[in-house]
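Welcome! Take a moment to look over the chain and its ligand, and then we can walk through the model together.

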Amino acid sequence: MSIDLDDPRRFRTLAGQAHQVAMNMLRPISRKYDRAEHAYPQELDLLAAMIDGLSESGANEGAGAAGVRRDAADADEGIRNGANLASVMSIAEMCWGDVGLLLSMPRQGLGNSAIASVADDEQLARFAGVWAAMAITEPGTGSDSANITTTAVLDGDEYVINGEKIYVTSGERADHVVVWASLDRSLGRAAIKSFVVPKDTPGMRVDRLEHKLGIKASDTATIVFEDCRVPKENLLGSPEVDPKQGFAGAMATFDNTRPLVAAMAVGCARAALDLTRDLLGQAGVTVDHDRPASTQSAAAAMLLQLEADWEGARLLMLQAAWLADNRRPNSLEASMAKAKAGRVGSDVALSCVELCGTLGYSEAELLEKWARDSKILDIFEGTQQIQQLIVARRVLGLSSAELR
Ligand SMILES: Cc1cc2nc3c(=O)[nH]c(=O)nc-3n(C[C@H](O)[C@H](O)[C@H](O)COP(=O)(O)OP(=O)(O)OC[C@H]3O[C@@H](n4cnc5c(N)ncnc54)[C@H](O)[C@@H]3O)c2cc1C
C-alpha cells in the first residue's frame with residue numbers, strides 16, 4: 001500500500017475555496033482582532049452560516065469537525081468520503097488566513113470533534129449543530145491529563161459535575177462544553193469520561209478570560225462546575241469503567257484532534273513562507289528550487305530548508321488523516337504529525353521573522369503575529385514533549401508506566 005504524496009486531487013477544489021475565504025474574509029480582519037483581544041469577531045457569523053448552508057446541501061465535505069469513527073457500520077464510508085483529509089486540507093488553508101479566527105469559528109470547536117468521534121447515533125443527532133468547546137486542563141493538571149480531579153457522580157438520572165477547568169478555547173463563546181471528569185477517582189484513568197454540558201446549565205459558570213501571547217482572536221476561559229447536573233445521556237461513549245481499555249476511550253478523541261492541530265501549524269507556517277518569499281523577492285533575493293541550496297544566497301538556502309521541513313510536516317499531517325479515513329489506527333501517526341508540525345510551525349514562523357529583519361519584527365506585516373500565533377500549536381492538544389513521549393512509547397512498545 002502506498003500513498004500519493006501530492007495533495008489529494010479530490011479535495012483541491014475544497015482547499016482552493018478555503019484559501020479564497022482565508023484570503024478575502026480572514027486576512028482582512030486578522031490584525032483588527034489581534035489588537036481587540038476578547039472582542040467577538042462578528043464577521044465569522046456570516047462565514048459560519050455559509051459553512052452550515054454547504055453542510056446542509058451536502059456540498060461541504062470538510063470545512064468542519066470530522067470524527068475518527070471506527071465502528072463497523074460505516075466501515076467503508078471513510079474511504080469514500082475522506083472527511084479527515086478534507087478537514088486537514090481546508091483547516092490548513094483557513095489557518096493560512098488566521099489561526100485565532102479559525103479557532104473562533106462557530107460550531108467548529110474541538111468539542112465538536114470529540115462529539116463527532118465518540119458520540120452514539122442518538123447523541124450525534126441530539127448535538128448536531130451545537131458549538132462545543134473542549135475542557136480537559138485543570139489548575140493542577142495539564143499534560144498529565146489522567147490525573148484530572150473533576151468528578152461526575154451519578155445521582156438518579158443525572159451526573160453531578162464538580163471541578164474547575166482552565167484554558168478552555170472558545171469556553172465563553174461556545175454554547176456547549178465537552179468536559180472530562182472522573183466517575184470514580186479510586187478507579188484511576190479508566191473512570192475518566194467526557195460529558196456534554198449545555199452552556200445555560202445551572203452550576204456551570206465562566207469565571208474569567210486569559211490574556212495571551214498569540215491567537216488573541218480566540219477566547220480562552222476558566223470554567224467552574226459546582227453541582228452542575230446533566231442528564232446521564234450526555235455522557236459520551238460507554239458509562240462502563242473498563243480497566244482493560246484504560247484511558248483508550250477518552251484518548252481516542254486526540255487521534256482526531258491532533259492532525260487538525262498539525263493542519264493549523266502547516267497553514268500558519270505556509271503563510272509565513274509565502275510572505276517571506278515575496279518580501280525576499282522584493283529585496284532582490286530569488287529562490288531557485290532547481291539548484292542546490294549551497295549554490296544560492298544564505299537567505300535563499302534558509303528558505304529552501306524551511307520549505308523542506310514544512311513539506312515533512314504536511315506529509316505527516318496527510319498520512320494521519322488518510323489513516324483515519326481508512327479506519328486504520330493512527331495514534332502514532334497523529335502524534336508524529338502533531339510533534340513535527342507543531343515544532344516546524346514555530347520554527348518556520350520565527351525564522352521568517354529573522355529572514356525579513358526589521359520588516360519581520362514590525363507590525364507592518366503579519367509575520368510577527370504568526371510567530372506568536374504558531375507557538376500554541378506546539379502546546380495544546382499535547383505539548384511537543386508529550387507527543388515525543390507517545391511516539392517513543394509506541395515505537396519501543398512500552399507502556400505509560402514504563403516510560404514517563
Ligand atoms: C491558548 C491555550 C488554549 C488552550 N486550549 C485548551 C482547550 O481548549 N482545552 C483544554 O483542555 N486545554 C487547553 N489548553 C491547555 C493545554 O492543553 C495545556 O497547556 C497543555 O496540555 C500543557 O499543560 P500545562 O500547561 O499544564 O503544562 P505542563 O503539563 O505543566 O507542562 C509544562 C512543561 O513540561 C513538559 N512536560 C510535562 N510532562 C512531561 C513529561 N512527562 N516529559 C517531558 N516533558 C514534560 C511539557 O511539555 C511542558 O513543556 C490551552 C492552553 C493554551 C495556552
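Where is the place of R107? R107 sits in the loop between helix 5 (99-103) and helix 6 (110-118); helices here are DSSP runs of H or I with at least four residues, strands are runs of E with at least two, and both are numbered from the N terminus.

## Before we start

This is a predicted model, in which local features need pLDDT of at least 70 and side-chain atom pairs count only at pLDDT 80 or more, while totals for chains, interfaces and linings use all residues. Residues are numbered from 1 along each chain as its sequence is written, and side-chain values use heavy atoms, with hydrogens and water left out.

## The overall picture

The protein's secondary structure comes to 13 helices and eight strands. Along the principal axes, its C-alpha trace spans about 70 × 45 × 45 Å.

Of the 404 residues, 54% count as buried; buried means under 20% relative accessible area, exposed means over 50%, and partly exposed is in between, with a 1.4 Å probe and protein chains only. The accessible surface of the protein comes to about 17,500 Å², and carbon and sulfur atoms hold 54% of that surface. Such areas come from the Shrake-Rupley method with a 1.4 Å probe, and for residues only the protein chains shown count as cover. Among contacts (heavy atoms within 4.5 Å) with a separation of 6 or more, 74% join residues 24 or more positions apart.

## Around the ligand

Now for the ligand. There are 19 residues around it, and T137, S143, Y167, T383 and Q385 come nearest; a residue is near a molecule if one of its heavy atoms lies within 4 Å of it. Strand 1 (132-135), strand 3 (158-169) and helix 13 (384-396) each supply at least two residues of this shell. By class, the shell has eleven nonpolar, six polar and two charged residues. Ala, Val, Leu, Ile, Met, Phe, Trp, Tyr, Cys and Pro count as nonpolar, Asp, Glu, Lys and Arg as charged, and the others, Gly among them, as polar.

In T383, an N or O atom of the side chain lies 2.6 Å from a ligand oxygen. Taken alone, the ligand exposes 970 Å², and the protein buries 64% of that.

## Buried helix residues

Is K369 buried or exposed? K369, in helix 12 (residues 367-375), is buried because its relative accessible area is 3%. Leaving aside neighbours within four places in sequence, K369 is in contact with S30, R31, D34 and D98. K369 and L213 are 156 residues apart in sequence, with their C-alpha atoms 9.3 Å apart.

R270 belongs to helix 8 (residues 248-282) and is buried too, at 17% relative accessible area. Not counting residues up to four places away in sequence, R270 touches W96, R277, E307 and W310. In helix 9 (residues 298-325) we find A300, which is buried at 0% relative accessibility. A300 touches V285, T286 and V287, again not counting residues up to four places away in sequence.

Most residues other than glycine have a negative phi. R107, though not a glycine, has a positive phi of about 65 degrees. At 27% relative accessibility, R107 counts as partly exposed.

H38 is not a glycine either, and has a positive phi of about 80 degrees. H38 lies in the loop between helix 1 (12-35) and helix 2 (43-57), and is partly exposed, with a relative accessible area of 24%. Helix 2 is also the place of D52, which counts as partly exposed because its relative accessibility is 23%.

Terms used
Polar contact = N/O pair within 3.5 Å; in protein donor to acceptor, adjacent residues only side chain to side chain.
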